[in-house]
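Hi,

Here is the structure I promised to pass on. Have a look at it first, and my notes follow below.

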Amino acid sequence: MQNTVDELLGECAVIHGHICPGQLLGVRMALAGCELIGVEDPKGADRKKLIVWVEIDRCVTDAISAVTGARIGRRSLKVVDYGKVAATFLNQETRVAFRIVARDESRALADALHPEVASKKDRQMLAYREASNEQLFKFESVNVELSKFDHPGKPLTRVSCAKCAEGINDGRELRGSDGSMLCKPCAEGGYYQVV
């Protein structure tokens, strides 16, 4: 990647609204992930190679999206909210995948490296710039099973829910006890309740 960390943080600020330690970790994580899987131009020539799973719905996710160009709407960014500052990067072409996790020790590292700085945020910003990738992250080579329904592109299937009649894309329907096709909220309950 040609862009510097500062340039990428500038792009993050536009998307996220401000710069914070999570944004810096996300930039560093995205750069490391792309390098590990051999994606040099994630927003250009390599765009269709990259799929990223993020494990948290916080600042780091916006930064990873800004750096890689991975987007939920393009199905190249998947959110699996485990509440962890972690992401998995997959090169669809080579099947090489790495999961990267922010080390909890990096917070203590920030305090140790810059005790003279009063602000916790400022200590973290300095340390997250200076620390090596190995000090900030744990790296795991992983295998990722990607269903045919999870690939970027147009929906492969579409059915209507037998109960609410809403459309369901890409095999997300469930079979009811009577064999009918149901959406997950009708079959299992959802995050919302109609009033």
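Let me begin with helix H5 (120–130), where Arg123, Gln124, Met125, Ala127 and Tyr128 are buried. Buried here means under 20% relative accessible area, with exposed over 50% and partly exposed in between (1.4 Å probe, protein chains only). Helices (H or I, at least four residues) and strands (E, at least two) are DSSP runs, numbered from the N terminus. The cover over the buried residues of H5 includes H2, H4 and helix H6 (133–136).

Before going on, a word on the source: this is a predicted model, in which local features need pLDDT of at least 70 and side-chain atom pairs count only at pLDDT 80 or more, while totals for chains, interfaces and linings use all residues. Residues are numbered from 1 along each chain as its sequence is written, and side-chain values use heavy atoms, leaving out hydrogens and water.

Next, H2: 13 of its 17 residues are buried, so the rest of the structure largely encloses this helix.

Leaving aside neighbours within four places in sequence, Ala87 has contacts (heavy atoms within 4.5 Å) with Met29, Val52, Trp53, Val54, Ile64, Phe98, Arg99 and Ile100.

Best wishes
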